[in-house]
Amino acid sequence: MRPNLRTLALAATCVLALAATIAPRLSKTTDAYRLLAVVDITGSMNVRDYSFEGRPSSRLDTVKRALGALAARLPCGSRMGLGMFTERRTFLLFEPVEVCADFAPLDGAIGALDWRMAWEGDSYIASGLYSGIDLAGPLDADLLFFTDGQEAPPLPASGAPAFSGAPGKVRGLIVGVGGETPAPIPMFDRDGREIGFYAMTDVPQENRHGLPPTGSEQREGWHPRNAPWGAEEATGQEHLSAVRTDHLKDLAAATGLTYAPLADAARLSAAIKASARPRPVEGTLDTAPLPATLALLLLASLYLAQLWHRRPVFPRNRRISPS
């Protein structure tokens, strides 16, 4: 007597399930990355010029979501450390950890980043970036520096401080955060409660350290000794914030880094592959999912076939002729 199709399918399912339990792990070499992610937590990162699930979202919250998704997307064997920037230096929270084995604490630390961690209100972007490079070098890590690029106070007429390191010695990305349209910066009281937005008179509109800019002698009340910047109060839009793309691109060119705008995890991952150093690591390829998946499909097919066989069959309505 020959076995029927259902018996053969059950036997094949048992064989595949057994194969899944003893399936070998194959060695596999993959490209991994060693990264130090630094997040700007200064006041302008509270600007809500992104959206999430139909509601306004701050730059800082958007960076945290993108960075968490990026960590989940990196291949196992990659390592990521975390730092934060405020005032004029980068502070290292922890050195690079393995993104798969240590994903939970890594993702938790990213999610816990908060603007209240800032120890000063100023934002010297160039100095903070150079500090981040100084941290990444000894860690043998590529740098990811997330910032909107807004210097506070504004840069002096002489421009950003010069980079004293070797351009390109540390590789990585400067990630520009924020929209192109200037938006108001939220203001908070001493207890962290939002009380409005910064006005023009609340923040310095011009940096008057060093030499005055060219053409200042044309200003009202100019005096070469007593009023080299003129006598009028500075005006401008420093109380509003937009991503400073040109400034960040200049910093990228000076340091040998690459500039990329903030995007989803897929595009950030592609930008990292194009700018960071891949590091071959030995991994394993688990072959068990293949026979296990086939066994599950066979069982599902048998179940559906049984449901189809037991489906109710209703007789067709027939016209009854009158007697």
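Reader: How many bridges join strand β2 to β5, and do the two run parallel or antiparallel?

Author: This is a predicted model. Strand β2 covers residues 34–40, and β5 covers residues 79–86. One point of contact is valine 39, whose bridge partner in β5 is methionine 84.

Reader: Is strand β5 largely enclosed or open, and how many of its residues are buried?

Author: A residue counts as buried under 20% relative accessible area. Strand β5 has eight residues, and it is largely enclosed by the rest of the structure because the number of them that are buried is seven.

Reader: Which cysteines form the disulfide, and is it left-handed or right-handed?

Author: The structure holds one disulfide. Cysteine 76 and cysteine 100 form it, with sulfur atoms 1.9 Å apart. The pair links distant parts of the chain, 24 residues apart: cysteine 76 is in the loop between α2 and β5, and cysteine 100 is in the loop between β6 and α3. The torsion about the S-S bond of cysteine 76 and cysteine 100 is about -90 degrees, so the disulfide is left-handed.

Reader: How many residues apart in sequence are the parts that arginine 48 and glutamate 194 tie together?

Author: The side chains of arginine 48 and glutamate 194 meet in a salt bridge, N to O 2.9 Å. Arginine 48 lies in the loop between β2 and β3, whereas glutamate 194 is in strand β11, so the parts tied together are apart in sequence by 146 residues.

Reader: Is lysine 64 buried or exposed?

Author: Lysine 64 meets aspartate 61 in a salt bridge, N to O 3.6 Å. Both are in helix α2, three residues apart, which separates them by about one helical turn. Aspartate 61 is partly exposed at 32% relative accessible area. For lysine 64 the relative accessible area is 15%, and the cut-off is under 20%, so lysine 64 is buried.

Reader: Which residues do salt bridges with shared partners join into one network?

Author: Arginine 279 forms a salt bridge with aspartate 140, the closest N and O atoms being 3.1 Å apart. Arginine 279 lies in strand β14 and aspartate 140 in the loop between α4 and β7, so the pair ties together parts 139 residues apart in sequence. The network joined by shared partners consists of Asp140, Asp142, Arg277 and Arg279.

Notes:
Residues numbered from 1 in each chain as written. Predicted model: local features only at pLDDT ≥ 70, side-chain atom pairs only at ≥ 80, totals over all residues. Heavy atoms only, no water. Buried < 20%, exposed > 50% of the residue type's maximum accessible area, 1.4 Å probe, protein only. Helix = DSSP H or I, 4+ residues; strand = E, 2+ residues; numbered from the N terminus. Pairing = 2+ DSSP bridges. Disulfide = S-S within 2.5 Å. Salt bridge = Lys/Arg side-chain N within 4 Å of Asp/Glu carboxyl O.
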